[in-house]
Amino acid sequence: MSYLVLARKYRPKTFSEVVGQVHVVKTLINALKTNKVSHALLFSGIKGSGKTTIARILAKALNCHQLKDQFDPCNQCGPCEEINKGIFVDVIEIDAASNRGIDQVRELIENLRYAPAKGRAKVYIIDEAHMLTKEAANALLKSLEEPPGHVYFILATTEPNKLPPTILSRCQRYDFRRIDFKTMVQHLRKICESEGYPMDMSALELIAKEAQGSLRDALTFLDQAMAYGARTKEDIINALGWHEEALIEDIADILLQRDLKRAMTLSQELFERGIDFVYLMEKLTEFFRTLFLAKAIPGETKLILQSPSLRESFIGATPEELLLIFQILLKDLEILKRSPYPHLQFELTLAKICEFEKLISIREILQRVEEISKSQDFIISEPKSDFKDENRTIKIETWEDFIASLEKESSPLLPIVKALSQPTILPNEIVLSLRENDHILRSIYLDQLKEKIEKSFGKPVKVNIQRQKHNLSEDVRSRPEVQNILKAFSAKIAYIEPVRE
């Protein structure tokens, strides 16, 4: 006889054997007891959480001849045994991934009118229901809303958001949750005891953790581990190719320290060892999510770090820094999955993180922006039209005196004056030397500035326009407001794009 895998051997056959999903089981049991089972049910949840299993148990309960306690199938009568074997004619399981067209749905609808051949109810279990085409789903609407009394529909899907709203509104929805970690570990332990195969608790915990709430995945891992002969956590890691926490912590420490040389060296070592980079990136992404939550919500997330070096790096890291690394890893993970060169993409991700210049927190950026905006290097308000200064007390003889007077008045013209080159002050006039591309030449404030200078110095103002070509890049770089921004953020100008008017 061929070997029966654990996922099938220990598949629940009654409601009382179901692991987890207490809310779903309780609702269905009460519906069976009161004869109020809906004719259209939607089971949604992650893979391996029990959707199809509970659908089969419900189908048996609707057709069983000897129900236990008014809800549990006996698994001994003809319908129960045939449903367990998958040969009962009145329970039809349809894979919507391969039978998704309107022709298949029309054939299904044609058969609804006929009474059950053996049992009391016809049950249609449509797996991966979100794969139905739009036309097929629309054709099914009337049958879902008003089916014959002997017909029940159970739609199972991992992506309910892809189903049309018209389908969702006609079904009672049951959301299947991920199997609780402790519950899964206990279940795996019972199976090991039943199989007479002792295994360390740490090994079972690792399997449950990697299964991420999917009991079928956990049983598949356990099956593979038993075939390898694994009994300890270290055996599991070797058998299934999983990576130890020490490796993940080592990579995380390298990224937090921005050590590019170590990152590239380790990447090459992992490549030579034949490491699965997609799996490694997934674990690394999950780890940085945990680090971010532990930093952002102290005390709410359980975090145990084995590496002393990583503990120091984590203490010095900011939530913004961890969030940014987490974001990069998550984004590059999708690229890595599609890349024909996973090793190179993994290296690129590590290099991208390590080569980031010193990060500035959002709070610090906002603080610096506020400081710059408060400085008098930008025009904050509209200049007043009246520049008369009859009560002036400062004697204006030099350009520095003129600037001092504007500072005392808090004049809105001050940033414009600071941006100008010092004029030539002659006995009878003041000469302003401006370049042909100076914005002040096209500004509405030029006349007001000339008037203010003439009032302050008591001399007429002459504007001398320099016609020689000027380097745009040097002009921008030399502006006071640009210099302030570069200094505040330790920034560099990479490229200057001229504005086309």
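Which strands does helix 5 (residues 102-112) lie across? Helix 5 lies across strand 2, strand 3 and strand 4 (151-157), running at about 165° to strand 3. This is a predicted model, so to speak of local features pLDDT must be at least 70, side-chain atom pairs count only at pLDDT 80 or more, and totals for chains, interfaces and linings use all residues. Residues are numbered from 1 along each chain as its sequence is written, and side-chain values use heavy atoms, with hydrogens and water left out.

**The sheet and its helices**

- Five strands make an open sheet in the order 2-3-4-1-5, with parallel pairing (strands are DSSP E runs of at least two residues and helices H or I runs of at least four, numbered from the N terminus; two strands pair if DSSP finds at least two bridges between them).
- At the edges sit strand 2 (91-95) and strand 5 (172-176), each pairing on one side only.
- From one strand to the next, the twist averages 15°.
- Strand 2 is joined to strand 3 (residues 122-127) by five bridges, and E93 has I125 in strand 3 as its bridge partner.
- Helix 2 (residues 22-33) lies across strand 1 (40-45) and strand 5, at about 145° to strand 5 (angles run from 0 to 180 degrees between N-to-C directions, with axes fitted to C-alpha atoms, for helices over the stretch in contact).

**Helix 8 against helix 9**

- Helix 8 (residues 181-195) and helix 9 (residues 201-211) pack at about 125°, their axes 9 Å apart.
- Among the residues in contact are F181, M184 and V185 of helix 8 and M201, L204 and E205 of helix 9 (contact means heavy atoms within 4.5 Å).
- The residues of this contact split into 10 nonpolar, no polar and three charged (Ala, Val, Leu, Ile, Met, Phe, Trp, Tyr, Cys and Pro are nonpolar, Asp, Glu, Lys and Arg charged, the others, Gly among them, polar).

**Helix 9 against helix 10**

- Helix 9 packs on helix 10 (residues 215-228) at about 135°, with the axes 8 Å apart.
- Helix 9 is therefore oblique to helix 10.
- L204, I207, E210 and A211 of helix 9 meet D217, A218, F221 and L222 of helix 10.

**A serine in helix 6**

- S143 is found in helix 6 (residues 134-145).
- S143 counts as buried because its relative accessibility is 9% (buried is under 20% relative accessible area, exposed over 50%, partly exposed in between, with a 1.4 Å probe and protein chains only).
- Leaving out residues up to four places away in sequence, S143 touches I109, L112 and F153.

How values were computed
Parallel < 35°, antiparallel > 145°, perpendicular 65-115°, else oblique.
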